[in-house]
Amino acid sequence: MAQLSLKNICKKYPNGYEAVKDFNLEIADKEFIIFVGPSGCGKSTTLRMVAGLESISSGEFRIDGELMNDVEPKDRDIAMVFQSYALYPHMTVYNNMAFGLKMKKVPKDVIDQKVRDAAKILDLEKLLDRKPRALSGGQRQRVAMGRAIVRNPKVFLMDEPLSNLDAKLRVQMRTEISKLHQRLGATIIYVTHDQTEAMTLGTRIVVMKDGVVQQIDSPQTLYNQPGNLFVASFIGSPQMNFLDAVCEVEGNNAFLRVGEYRIALSQEKSKKLIDKGYAGKEVVMGIRPEDVSDESSTRAEHQAFVKGTVNVYELLGAEVYLYFDMCGTQMTARVSSSTAAKEGDKVDFVLNTDKIHVFDKETEITITN
Amino acid sequence: MNSNSLERNQKLRTAGTYLFFIIGSIIMIFPFIWMLLTSFKTVAESMQIPPDFFPAQWIIDNFKDAMASLPFGALYKNTALLIFWRVVCAVAFSSMAGYAFAKLKFKGKNLLFSIVLVQMMLPSQIFITPQYQMLAKLGMTNTIFALVFPGLVSAFGTFFLRQAYMGIPDEISEAAYLDGCNHWQTFVKVMVPLTTSSMAALAVFTAVFAYGDLMWPLIANTDLKMMTLSSGLATLRGQFNTNFPVMMAGSLLAMIPMVVLYLFFQKQFIEGVAMTGGK
């Protein structure tokens, strides 16, 4: 397997559009890296530059220290699973999987062994003689994975490989991919716009927006300590609640003034706000839905109370989303399904102030998590 | 309205549709039937007014005369070679050019493709003089090459196969690059097999056009032994009178290879004509 290094990678098209700006990333051997971001953020373009399907406008891309910028895709020892699977329609499953090895002039018996081994792993043994058109979406996806596996490449690239599957199959295949990563010990770069996939699969996640890397971190760190407002809003479902606030300071204590409410912050958060000179300034307060509870739920140690009327009640089985209005902003609370709150009820909501995030209103950069 | 009247209306509509298509078929097949019957008539019968539908006597002398007047063996051979080379060249070159225009990135691609399109928009007759001059200067008239020459490349074929290649997702060729193919291998091993139905359609279209091409073979090859069936048959037409029964017999003989081909490749013929919009 391999170590990858992307230094100051840029992609600029002839019409002047910059799809990727100054992308820097070091990928260790056996890492499962996720590129995540909204459509058009440059994640697929970066992946395609790694594959060699797009030229690199500037910067350096290395695999195991070897410069790859001008190396042909076929000589990079990379396998890719496409969103559309890109199976060869005129070939059987066997030939689809064997094609890459045939091109490398691998002996027939070795090809046969590798294809059958991969087919066994992916439960494709009975489908080897079928053409792709005779397969279901999930089976096609597995063939695409098999085609990548048999080549035993240095790096696996996956471009939204699950986005064409139905919800149930997607969850199933997500687990399969995770198992496969553990089994093969492969270095994988995986592109998705689905943050659940990103959170569950990745060892590290690269969050991108408008061609710029927003944050590179482990799923847990991204969730708990987002680097800016975009990352905070993108990671997490339902997304974080954001409220415009003013930072008020009294002695060593900082408060966030949101309309009629004055929310006291912890010593640590207060210190950061005061030290960074935010006293009296406008900021954005963020709090995740699970850190907003109704009265009946277990209370956190540091709390702030707000009143709200439940606009929408969404039961998801194990939990309930309560939507309510706070100072003109729609808020979401994620509470236990045993909650007594119903649509139209006036509820005292409790904010866990330890979990409040504060962002600079201008730069949107995190001040304190 | 009860179910009986609904059923009656449905039957009437079906009968009307059938009648319409039967009349259409008769109109389409009539010239062929007339040719067949005329080939067995005498000259006097063929010119008779009002005409008799069936010949008074079924004579086969017209076929003997036609075969004596024209070297049918050479005509069949020349036509077969013309069709073969036109089809091979049109499919081979058009698929390569179509692939390049559809999938490769190079400077001036759009300009070059516009030139191809312009060629399609111009009437083919304006190319005849320069093409003939080129052949004459090369001393290549009265050869098979002379017959094939204008059909070596096909603007229509390039356009048609470009559309076919454009219908194949880029990911397929990209997967082939990652699997170790270069451009040529991607083209031969992956893209060509995916466009075989379009190529078959182009082959049928080219074959039908080459078979029926009259003007160019008549100009390029004046030696009767180097003519095609269509140009050879045209020599049966006299300046002042024409022996229609012999001409019809000759036409019938000329049709045989195409009818046999049609019987073998009926599906491809119909698909080809439908896909290319040829008729």
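User: Happy to start with a helix. What length does helix 3 (residues 108-121) of chain A reach from its first C-alpha to its last?

Analyst: Keep in mind that this is a predicted model. Helix 3 of chain A has 14 residues, and at 1.5 Å a residue the expected reach is 20 Å. The reach found in the model, from first C-alpha to last, is close to that: 20 Å.

User: Which residues of helix 3 of chain A are buried, and around what arc do they lie?

Analyst: The buried residues of helix 3 of chain A are A:Ile111, A:Val115, A:Ala118 and A:Ala119. They sit on the same side of the helix, because the arc they cover around the axis is only 100°. As a general point, an α-helix has 3.6 residues a turn, so residues three or four places apart point the same way.

User: Which helices do the buried residues of helix 3 of chain A pack against, and which residue with positive phi follows the helix?

Analyst: The packing partners of these buried residues both belong to chain A: helix 2 (93-103) and helix 4 (137-150). After helix 3 of chain A comes a residue with a positive phi, near 60°, and that residue is A:Asp123.

User: Let's step back to the whole of chain A. How many helices and strands does it have, and what percentage of its residues is buried?

Analyst: The C-alpha trace of chain A spans about 75 × 45 × 35 Å along its principal axes. Its secondary structure comes to 9 helices and 21 strands. Of the 369 residues in chain A, the buried ones make up 44%.

User: How far apart are the centres of domain 1 and domain 2 of chain A, and how do the residues on the domain 1 side of their contact divide?

Analyst: The domain assignment gives domain 1 (4-234) and domain 2 (241-368) in chain A, with centres separated by 38 Å over C-alpha atoms. Between them, 6 residues of domain 1 are in contact with 7 residues of domain 2. The domain 1 side of that contact divides into 4 nonpolar, 2 polar and no charged residues.

User: Now the two chains together. Which elements of chain A each supply at least two residues to the side that touches chain B, and how does that side divide?

Analyst: In the contact between the chains, 17 residues of chain A meet 13 residues of chain B. Strand 6 (78-81) and helix 2 of chain A each supply at least two residues of the chain A side. For its make-up, the chain A side divides into 12 nonpolar, 3 polar and 2 charged residues.

User: What ipTM does the model score, and what is the mean pLDDT of chain B?

Analyst: The model scores ipTM 0.84 and pTM 0.79. In chain B, 95% of the residues reach a pLDDT of 70 or more, and the mean is 87.

User: Which element of chain B gives the largest share of the domain 1 side that touches domain 2?

Analyst: Chain B is assigned domain 1 (3-60) and domain 2 (62-276), whose centres are 33 Å apart over C-alpha atoms. In their contact, 10 residues of domain 1 meet 10 residues of domain 2. Helix 1 (3-38) and helix 2 (43-47) of chain B each supply at least two residues on the domain 1 side. The largest share, 3 residues, comes from helix 1 of chain B.

User: Is A:Ile56 buried or exposed?

Analyst: A:Ile56 is found in the loop between helix 1 (43-51) and strand 4 (58-63) of chain A. Beyond four places away in sequence, A:Ile56 touches A:Ile9, A:Lys11, A:Met49, A:Phe61 and A:Asn69. Because A:Ile56 has 21 C-beta neighbours inside 10 Å, it counts as buried.

User: Last one: which residues is A:Val306 in contact with, leaving aside its neighbours within four places in sequence?

Analyst: A:Val306 is found in strand 16 (residues 303-315) of chain A. With 20 other C-beta atoms within 10 Å, A:Val306 is buried. Its contacts beyond those sequence neighbours are A:Tyr261, A:Met326, A:Phe349 and A:Leu351.

Conventions. Residues numbered from 1 in each chain as written. Chains lettered and ligands numbered in written order. Predicted model: local features only at pLDDT ≥ 70, side-chain atom pairs only at ≥ 80, totals over all residues. Helix = DSSP H or I, 4+ residues; strand = E, 2+ residues; numbered from the N terminus. Expected span 1.5 Å × (residues − 1). Buried ≥ 20, exposed ≤ 12 C-beta atoms within 10 Å, placed from the backbone. Arc of directions from axis to C-beta. Contact = placed C-beta atoms within 7 Å. Domains from an automatic or database assignment. Nonpolar A, V, L, I, M, F, W, Y, C, P; charged D, E, K, R; others polar. pLDDT = per-residue confidence, 0-100.
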